[in-house]
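Open the structure in a viewer and keep the sequence beside it. The tour goes from one selection to the next and says what is found at each stop.

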Amino acid sequence: MAKLIYSAIMSLDGYVADTEGNFDWSMPDEEVHRFINERERPVQHYLYGRRLYDVMSAWDSWDTRSEPAFIDDFAHLWRQADKVVFSRTLRDPTTGNTRIESDFKAEDVRQLKASAATDILIGGPELAAQAFREGLVDECQLIIVPVLVGGGKKGLPDGVEARLELVQERTFSSGTIFLKYRVLK
């Protein structure tokens with residue numbers, strides 16, 4: 001059975017975007033980006049909320065052929081993966097390999113986990129909160145950027161309790177830290 005992995009890049013004080021909605025401070029350097037590429041290489045399914053999908057959709061149309069190889073590599077990985085976007089306002093996808101679902105249905109995600117050959121990434125704290133509440137999240141993979149933004153969109157959901165076990169950590173030369181936790185059931 002595939003694992004459902006909540007993946008996020010967040011500030012040290014726990015935000016994925018600041019009070020103005022900016023997240024430029026979260027852009028990974030080459031070392032971190034290459035690590036992300038390797039971590040996501042086997043992933044064939046992304047589950048997104050609307051806002052994160054809007055951000056990530058830039059990878060679909062960006063001509064990255066003249067960019068550094070690690071940027072072009074991620075674009076290729078992202079374009080090839082299947083994406084499910086949960087949105088009540090978006091009617092048609094703007095990217096390839098994408099379908100829109102108006103509501104998050106736990107049973108559909110359970111079926112995807114049972115049938116997928118590779119792990120599934122879920123992104124966006126609001127969508128992840130629904131998956132946490134349903135007991136669907138198996139791992140949290142967090143990239144913590146050494147910056148304090150003082151407020152904004154929280155990276156981890158309110159109202160969700162879970163016990164976690166640290167199974168991997170890595171510190172990068174920039175001071176960015178990767179933390180991988182198994183969700184204890």
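What follows is a walk through a predicted model, stop by stop.

**Stop 1: helix H5**

Select residues 106-115, which make up helix H5. Which residues of H5 are buried? They are Ala106, Val109, Leu112 and Lys113. These four cover an arc of only 120° around the axis, which puts them on the same side of H5. An α-helix has 3.6 residues a turn, so residues three or four places apart point the same way.

Now turn to the face of H5 that points away from the buried side: the exposed residues Ala114 and Ser115 are carried there. To see what covers the buried residues, show strand E1 (4-11), strand E3 (45-49) and strand E6 (120-123), which are included in the cover.

**Stop 2: the largest nonpolar core**

Next, select Leu4, Tyr6, Leu47 and Phe104. Within the largest nonpolar core, which has 27 residues, these have the most contacts. Several elements supply at least two residues each to this core: E1, E4, H5, E6, helix H6 (125-133), strand E7 (139-145) and E10. In soluble globular proteins, nonpolar side chains tend to be buried together.

Stay on phenylalanine 104 and show its surroundings. Neighbours within four places in sequence left aside, phenylalanine 104 is in contact with Phe86, Val109, Leu127, Gln130, Ala131, Glu134 and Leu136. Val109 was also one of the buried residues of H5.

Another core lies apart from the largest one. It has 23 residues, among them Ile36, Tyr48, Met56 and Trp78.

**Stop 3: aromatic pairs**

Show the aromatic rings. How many aromatic pairs are there? The count comes to eight. In one of them, the rings of phenylalanine 35 and phenylalanine 178 have centres 4.8 Å apart and planes at 65°, so the pair is edge-to-face. Phenylalanine 35 lies in helix H1 (residues 30-40) and phenylalanine 178 in strand E10 (residues 177-184), so the pair ties together parts that are 143 residues apart in sequence. Both partners are buried: phenylalanine 35 has a relative accessibility of 14%, and phenylalanine 178 has a relative accessible area of 1%.

Move to tyrosine 46 and tyrosine 48. Their ring centres are 5.6 Å apart and the planes are at 5°, so this pair is stacked. Tyrosine 46 is buried at 3% relative accessible area, and tyrosine 48 is buried at 4% relative accessibility.

Then select tryptophan 78, which has lysine 83 lying over its face, at 4.3 Å from the ring centre.

**Stop 4: salt bridges**

Colour the charged side chains. The structure holds 20 salt bridges, and three of them are visited here.

- Select glutamate 139 and lysine 3, which form a salt bridge with the closest N and O atoms 2.9 Å apart. Glutamate 139 lies in strand E7 and lysine 3 in the segment before E1, so the pair ties together parts that are 136 residues apart in sequence. Glutamate 139 is buried, at 5% relative accessible area, whereas lysine 3 is partly exposed, at 30%.
- Select glutamate 31 and arginine 170, which form a salt bridge with the closest N and O atoms 3.7 Å apart. Glutamate 31 lies in helix H1 and arginine 170 in strand E9 (residues 163-171), so this pair ties together parts that are 139 residues apart in sequence. Glutamate 31 is partly exposed at 29% relative accessible area, and arginine 170 is partly exposed at 34% relative accessibility.
- Select arginine 65 and aspartate 63, whose side chains meet in a salt bridge of 2.7 Å, N to O. Arginine 65 is exposed, at 68% relative accessibility, and aspartate 63 is partly exposed, at 43%.

**Stop 5: asparagine 97**

Where is asparagine 97 found? Its place is the loop between strand E4 (82-86) and strand E5 (98-101). Asparagine 97 is partly exposed, with a relative accessible area of 39%. Its phi is positive, about 55°, although asparagine 97 is not a glycine. Most residues other than glycine have a negative phi.

Notes
Residues are numbered from 1 along each chain as its sequence is written. This is a predicted model: local features need pLDDT of at least 70, side-chain atom pairs count only at pLDDT 80 or more; totals for chains, interfaces and linings use all residues. Side-chain values use heavy atoms; hydrogens and water are left out. Buried means under 20% relative accessible area, exposed over 50%, partly exposed in between (1.4 Å probe, protein chains only). The arc is that of the directions from the helix axis to the C-beta atoms. Contact means heavy atoms within 4.5 Å. Rings of Phe, Tyr and Trp (its six-membered ring) pair if their centres lie within 6.5 Å; planes under 30 degrees apart count as stacked, over 60 as edge-to-face and the rest as tilted. A charge sits over a ring if NZ of Lys or CZ of Arg is within 6 Å of the ring centre and within 35 degrees of the ring normal. A nonpolar core is a set of buried Ala, Val, Leu, Ile, Met, Phe, Trp, Tyr and Cys residues joined through side-chain atoms within 4.5 Å. A salt bridge is a side-chain nitrogen of Lys or Arg within 4 Å of a carboxyl oxygen of Asp or Glu.
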